Amino acid sequence: MGLRVLLFVGTNLAIMFIFFLFISIFNLEEYIGKGSTEYILFTSLIFGFGGSIISLLISKWSAKRIMNVHIIEKDKYADENEKWFFETVEKLAKKAGIDMPEVGFYEGEANAFATGPSRNNALVAISTGLYRNMDSKEVEAVLAHEIGHVANGDMVTLTMLQGVVNTFVIFFARIFGTIIDKKLFNNQDGKGIAYTLISIILEIVFSILASMIVMWFSRYREFRADEMGAKLAGKENMMSALRKLGNIDTQPLPEKMVSMGIAGGTFAKLFSTHPTIQKRLENLKKFKS
């Protein structure tokens with residue numbers, strides 16, 4: 001966790017350096033006013049990272065409530081299925097070198113997810129639909145995939161990436177909004193009605209473009225989690241689980257959680273949270289576990 005805190009601080013410093021370099025090269029203070037860029041940058045960082053960090057910190061709490069997850073406690077099993085599920089996650093977590101996450105079931109079609117603010121403070125949950133439609137080796141592979149997300153620190157990394165993207169979007173939308181308001185609409189303070197409308201429009205446009213970067217990383221981390229699943233539970237079992245996912249009804253998670261699931265959105269290639277099952281299988285074929 002200490003390394004990721006350093007990475008977070010370093011990321012923020014790098015963003016500030018890039019922004020001030022951009023401002024200096026293009027002499028933006030001449031257009032938006034001396035001192036304005038520092039204020040815009042500060043507020044962009046606060047709003048850009050603030051929402052992402054809060055989402056990460058409450059991710060377990062919100063996931064449990066949104067998905068109505070039934071948490072399984074050690075030695076308080078309702079049946080043999082719960083006992084097997086808990087002990088399987090416990091075994092996989094130990095192999096992956098992470099603390100035991102919270103584990104649970106939720107009602108729904110086939111899917112599973114992992115979330116939490118850190119590698120050692122996570123939640124792994126699978127749907128009843130997935131449990132019913134897969135054999136024990138396939139379920140174990142799915143759980144290994146989710147443990148892979150936790151062990152790889154994907155939740156934290158995705159949060160930092162989303163924070164960086166949000167900061168860039170807010171910063172450039174406000175910078176260009178101020179310049180356009182001043183130069184085209186002659187509002188000397190650069191904060192007229194035109195500024196507000198232009199900033200909102202630019203934030204929408206920039207967010208759509210920036211989401212391609214976030215979705216690319218989301219797809220990339222699925223390949224890594226599949227590989228971890230193959231390493232922890234066996235390559236053939238992971239591939240069998242993916243084939244099964246391609247042939248049964250899956251249930252996308254709510255919008256804010258869709259990137260957490262083993263099955264995800266396929267709206268369009270550039271905006272999809274998950275690669276196709278075929279691409280994931282092709283990647284695993286080349287992987288040497």
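## The sheet

In what order do the 4 strands of the open sheet lie? The model is a predicted one, and in it the order is 1-2-4-3, with mixed pairing. On average, neighbouring strands are turned by 25 degrees against each other, direction ignored.

Strand 2 (residues 102-106) and strand 4 (residues 121-127) run parallel and are joined by 5 bridges. Opposite Glu102 stands Leu123 in strand 4.

## A helix on the sheet

Helix 4 (residues 59-66) packs on this sheet and touches strand 1, strand 2, strand 3 and strand 4. The direction of helix 4 makes about 150 degrees with that of strand 3.

## Helix 7 and helix 9

Helix 7 covers residues 136-151 and helix 9 covers residues 193-233. Their axes come within 7 Å and cross at roughly 125 degrees. The two helices are therefore oblique to each other. The crossing in which helix 7 passes helix 9 is right-handed.

On the side of helix 7, the contact is made by Glu140, Ala141, Ala144, His145, Ile147, Gly148, His149 and Ala151. Helix 9 contributes Arg221, Glu222, Ala225, Asp226, Met228, Gly229, Leu232 and Ala233. Sorted by class, the contact of helix 7 with helix 9 has 8 nonpolar, 4 polar and 4 charged residues.

Definitions and conventions:
Residues numbered from 1 in each chain as written. Predicted model: local features only at pLDDT ≥ 70, side-chain atom pairs only at ≥ 80, totals over all residues. Heavy atoms only, no water. Axes fitted to C-alpha atoms, helices over the stretch in contact; angles between N-to-C directions. Parallel < 35°, antiparallel > 145°, perpendicular 65-115°, else oblique. Left-handed = near helix turned anticlockwise from the far one by under 90°. Contact = heavy atoms within 4.5 Å. Nonpolar A, V, L, I, M, F, W, Y, C, P; charged D, E, K, R; others polar. Pairing = 2+ DSSP bridges.
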